[in-house]
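Please keep the 3D view open while reading.

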Amino acid sequence: MNRVGIEAIAIAVPQRYLDIEDLAIARGIAPAKYTVGLGASEMAVADPGEDTVALAATAAARLLRMPNVDASKIGMLVVGTETGVDHSKPVASFVQGLLDLPRTMRTFDTQHACYGGTAALMAACDWIASGSADGRTALVICSDIARYGLKTAGEPTQGGAAVAMLVSSRPEVLELDRGMSGVFSTDVHDFWRPLGRREAVVDGHYSIECYLDAVAGAYRSWRERATEREVVREGPTYRSEQLARIVYHVPFCKMARKAHAHIRKCELEDVGGAALDAVARAREDALDAASFETQVAPSLMLASRIGNTYTGSLYLGLTSLLHLQGAELAGKRIGLFSYGSGCSSEFFSGVVGARAAAMIERAGVEEILGRRTRIDVTEYERIMELPRESAVGGATDAAPGTFRFAGVRDDRRTYVGSAG
Ligand code: HMG
């Protein structure tokens, strides 16, 4: 069977961030609600110059500057996003133009809330694995800015970022297990953004229930396929424990903890052990907590410092994990869960590449985080209230190797910057 998966990853994040405790204090809320209750520490704040296109192009430019990434071999450019900038023209098309990419490629966007990035990744993998790519590679970008608005319950779960991935038959970062994905989708109104609105509408607590239903459905479906293929085995350990790590979509870090506990609850139910007395429950809770620390916590570093990034969230989780543990995970199988409100979800797995740590080092994660500027709540509120089309601080210039939105002229969006 043809190998396929992620060969390289690059990221771009907004230049400013807010300390989440500063936000809690300004809102008169106990900081522990945000730091412990939601698991956040910082939140990225994108200004209007850092729109979805600018972040996507900046991440893609970083990817294309990496050794052995050959732009002339890219035959497909797909952007997963739910915060596109035009009803018709895809973000992919802007990125192609800004980076002066070859004309001999398919360009399109994929949308299904946060699942849109995984839809793009799967389309690219299928194109390569089917042979249609004929040796070409795909550039998949997840780019979004998560906005709920000032003083809303969702406010501490905002953020923004782009993740660019080179998808190929040389999966140095992660080789995907083909034919094993478990999918779960249903028509729900848990989170959406009506046409013309800048901020998402969300039924927050219901959205958590929808996410948990989805992770149960998708995980059980993956488990059935993985068991048939003897990738995991029924036995003394839960089959989810046979994955070295599990990376979840992270709207806020605590959600990954809830999702992981939910999968373990499903495992227990499926072996007929749901009714526990108090002692057994306490033992199970302790096992859940220990399992979370080992299997999940290392993937949450970027989410805790950036916030929700919608389509990019899962892939920032993968980047965090391999940034921290890429060497020790080489050759090991991990699970990934993608959730998009509405809803569509997928649990899939893959094997970490032997050179994953070296490949992720090229993404310069610490350097990118270290270059950001901390702002106070007054500045954050000023940025949030700027009109969407204003090009704050970036109308004529952008740092080398990055892009910024520079305003609308003749109904056309314009950008400044360079691929570096
Ligand atoms: P809320 O109602 O303000 O918060 O909003 P809460 O009262 O539920 O409290 C949150 C947690 O803090 C709770 O923990 C509290 O106990 C705890 P839990 O019981 O759930 O484990 N807490 C404290 N902990 C320590 N010290 C304290 C304290 N006080 C309370 N003093 C909510 C929370 C997440 C609902 C809100 O932020 C929201 O609506 N966020 C946006 C929606 C969201 O993120 N949904 C997640 C699932 S849907 C999804 O993932 C898709 C999405 O990414 C979009 C897409 O697909 O495009 C969102």
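A residue is called buried when its relative accessible area is under 20%, exposed when that value is over 50%, and partly exposed in between. These classes apply to each residue discussed below, and the model itself is predicted.

Charged pairs come first. Side chains of opposite charge can pair when their charged atoms come close. The structure contains 28 salt bridges.

One of them is formed by arginine 305 and glutamate 42, with an N to O distance of 3.1 Å. Arginine 305 belongs to helix α9 (residues 301–306) and glutamate 42 to strand β3 (residues 42–45), so this bridge links distant parts of the chain, 263 residues apart. On the accessibility scale, arginine 305 is partly exposed at 25%, whereas glutamate 42, at 13%, is buried.

Another bridge joins arginine 355 to glutamate 172, where the closest N and O atoms are 2.9 Å apart. Here both partners sit in loops: arginine 355 between β14 (344–352) and α11 (356–361), glutamate 172 between β7 (159–168) and β8 (174–176). The pair therefore ties together parts that are 183 residues apart in sequence. Arginine 355 has a relative accessible area of 35% and is partly exposed, while glutamate 172 is buried at 17%.

What is the accessibility class of arginine 233, which takes part in a further bridge? Its relative accessible area is 49%, so arginine 233 counts as partly exposed, given that exposed requires a value over 50%. Its partner is glutamate 230, and the closest N and O atoms of the two are 3.8 Å apart; a salt bridge requires such atoms within 4 Å. Glutamate 230, at 52%, is exposed.

The cysteines come next. A disulfide is a covalent bond between the sulfur atoms of two cysteines. How many disulfides does the structure hold? The number is zero. For cysteine 142, the nearest cysteine sulfur belongs to cysteine 114 and lies 10 Å away. A disulfide needs two cysteine sulfur atoms within 2.5 Å, so cysteine 142 is in no disulfide. Cysteine 142 is also buried, with 0% relative accessibility. Cysteine 266 is likewise in no disulfide, and the nearest cysteine sulfur, that of cysteine 343, is 15 Å away. Cysteine 266 is buried at a relative accessible area of 4%.

Key
Residues are numbered from 1 along each chain as its sequence is written. This is a predicted model: local features need pLDDT of at least 70, side-chain atom pairs count only at pLDDT 80 or more; totals for chains, interfaces and linings use all residues. Side-chain values use heavy atoms; hydrogens and water are left out. Buried means under 20% relative accessible area, exposed over 50%, partly exposed in between (1.4 Å probe, protein chains only). A salt bridge is a side-chain nitrogen of Lys or Arg within 4 Å of a carboxyl oxygen of Asp or Glu. Helices (H or I, at least four residues) and strands (E, at least two) are DSSP runs, numbered from the N terminus.
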